[in-house]
Amino acid sequence: TGRPVYWLGEMPERKLELTRNRRGDVFLRYLKEDARVGDKRPAFTAVGTLRLKRSLGTLRRRAKESSWSSQKVGPGLAAWSKKRPTNVYVASPRLPLLVEIYDPNPRRARELAVSGALKPLR
């Protein structure tokens, strides 16, 4: 892709599904071993690497809204909408991208976002 793609590392009993949209955003889903690629159920942890210039500033502005919550992550920020807490967004200085972590369990989505497990895929 010419830019970093983020993931949470390997997870036991999970296989990766990679998709890319027309904008060049990349999504990795951690499918259970018995799930088929393309499974439409929202039952799997996912990480999206999204193009967004000034992602940290954008996320900081959003996090100030009363309908959002946030937590500092190193030099960056993790933030989520109280209406959709299953999706946590992470931004860091010097990176023109936004990382989205989805998990059907909102608490786990937040834990994954701030755990330090989020790394560029090599």
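Predicted model: local features only at pLDDT ≥ 70, side-chain atom pairs only at ≥ 80, totals over all residues.

Student: What makes the contact of Arg29 and Glu17 a salt bridge?

Tutor: The side chains of Arg29 and Glu17 meet at 2.6 Å, N to O. The term requires a side-chain nitrogen of Lys or Arg within 4 Å of a carboxyl oxygen of Asp or Glu, so the pair qualifies. The pair also links distant parts of the chain: Arg29 belongs to strand 3 (residues 26–32) and Glu17 to strand 2 (residues 14–20), 12 residues apart.

Student: Why does Arg29 count as buried?

Tutor: Its relative accessibility is 16%, and the limit is under 20%; Arg29 therefore counts as buried. Arg29 also has a bridge partner in strand 4, namely Ala46.

Student: How many salt bridges are there in the whole structure?

Tutor: A search finds 6. Among them is the pair of Asp25 and Arg23, whose closest N and O atoms are 3.1 Å apart. Asp25 counts as buried, at 5% relative accessibility. Another is formed by Arg41 and Asp39, with the closest N and O atoms 2.6 Å apart.

Student: Which terms describe the accessibility of Arg41 and of Asp39?

Tutor: Arg41, at 45%, lies between the limits of 20% and 50%, so the term is partly exposed. Asp39 has a relative accessible area of 16%, which is under 20%, so Asp39 is buried.

Student: What makes strand 2 and strand 3 a pair?

Tutor: Strand 2 and strand 3 are joined by 7 bridges and run antiparallel.

Student: How many bridges join strand 3 to strand 4?

Tutor: There are 5 bridges between strand 3 and strand 4 (residues 45–51), which run antiparallel. Phe27 stands opposite Gly48 in strand 4. Strand 3 is mostly covered, with 5 of its 7 residues buried.

Student: Why are strand 2 and strand 5 said to stand at the edges of the sheet?

Tutor: The open sheet has 7 strands in the order 2-3-4-8-7-6-5, with antiparallel pairing. Strand 2 and strand 5 each have a single partner strand, so one side of each is left without a neighbour in the sheet. On average, neighbouring strands are turned by 20 degrees against each other, direction ignored.

Student: How do you know that the buried residues of helix 1 line one face?

Tutor: In helix 1 (residues 55–63), the buried residues are Ser55, Leu56, Leu59 and Ala63. Seen down the helix axis, they fall within an arc of 95 degrees, so they line one face. Their cover includes strand 5 (68–73), strand 6 (76–81), strand 7 (84–91) and strand 8 (97–102).

Student: How are the helices set against the strands?

Tutor: Helix 1 lies across strand 5, strand 6, strand 7 and strand 8, at about 45 degrees to strand 6. Helix 2 (residues 106–114) packs on the sheet, and its direction makes about 10 degrees with that of strand 7.

Methods
Residues numbered from 1 in each chain as written. Heavy atoms only, no water. Buried < 20%, exposed > 50% of the residue type's maximum accessible area, 1.4 Å probe, protein only. Helix = DSSP H or I, 4+ residues; strand = E, 2+ residues; numbered from the N terminus. Arc of directions from axis to C-beta. Contact = heavy atoms within 4.5 Å. Pairing = 2+ DSSP bridges. Axes fitted to C-alpha atoms, helices over the stretch in contact; angles between N-to-C directions.
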